[in-house]
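Subject: Structure for you to look at

Dear colleague,

I am handing over the structure below, together with a short account of what was found in it. Please have the model open while you read.

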Amino acid sequence: MNPTSKEKVVFLPANKTIQITRGTTVLQAVRQAGLSLPVRCDGRAACLMCKVQVEQPQEGQQDGLSDPCEVERRKLGIDGERALRLGCQARIVGPAVIHLPEDRLKQAIRRQMQQQDDDLSDW
Ligand code: FES
């Protein structure tokens, strides 16, 4: 297979689709898509803030990411189930659908608005 070939990657919930060179890490792909993932260790598999969820395909199909490396297995406790991955370690090797965590500010605003709605409905 051509190592410079491109793969289609969809990032949710932004619903952004881009073509990514095989072998690119998910973290690099996120940045190329103009999106962001929170990180503190700059890709050294130490902060565990770059966790993403890869959509699991139907049986017999690949999820589009490289097999978890030893560090990733140890950090995440991956044992067979591989939906949760470290964005700085997992590499794009095929078409993939990847769920990114919600931005913390958006998450806080959404929770606050939900709380206000709940408070108003109690009246
Ligand atoms: S960027 Fe810190 S664990 Fe991935």
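What follows goes from the overall fold to the strands, then to the last helix, and ends with some points of backbone geometry.

Please keep in mind throughout that this is a predicted model. The protein chain contains three helices and five strands, and from the N terminus on these elements follow the order β-β-α-β-α-β-β-α. Along its principal axes the C-alpha trace spans about 65 × 30 × 30 Å, and 19% of the 123 residues count as buried. Among the contacts with a separation of 6 or more, 60% are between residues 24 or more positions apart.

Helix H3 covers residues 104-121, and because 18 residues at 1.5 Å a residue should span 26 Å, the 26 Å between its end C-alpha atoms agrees with expectation. The helix is hardly covered, for the count of buried residues among its 18 residues is zero. Glutamine 107 lies in H3 and counts as exposed because it has 11 C-beta neighbours inside 10 Å, where the cut-off for exposed is 12 or fewer. Its C-alpha atom is separated by 19 Å from that of glycine 34, which is 73 residues away along the chain.

Which backbone features deserve a check? Most residues other than glycine have a negative phi, and most peptide bonds are trans. The peptide bond from leucine 12 to proline 13, however, is cis, with omega near 5°, and proline 13 sits in the loop between S1 and strand S2 (16-21). Asparagine 15 is in the loop between S1 and S2 as well; its phi is positive, near 55°, and with 7 C-beta neighbours inside 10 Å it counts as exposed. Leucine 48, in the loop between helix H1 (26-32) and S3, also has a positive phi, of about 60°, but with 13 C-beta neighbours inside 10 Å it counts as partly exposed.

Terms used:
Residues are numbered from 1 along each chain as its sequence is written. This is a predicted model: local features need pLDDT of at least 70, side-chain atom pairs count only at pLDDT 80 or more; totals for chains, interfaces and linings use all residues. Helices (H or I, at least four residues) and strands (E, at least two) are DSSP runs, numbered from the N terminus. The expected span of a helix is 1.5 Å times one less than its number of residues. A residue is buried if 20 or more other C-beta atoms lie within 10 Å of its own, exposed if 12 or fewer, and partly exposed in between; C-beta atoms are placed from the backbone. Two residues are in contact if their C-beta atoms, placed from the backbone, lie within 7 Å.
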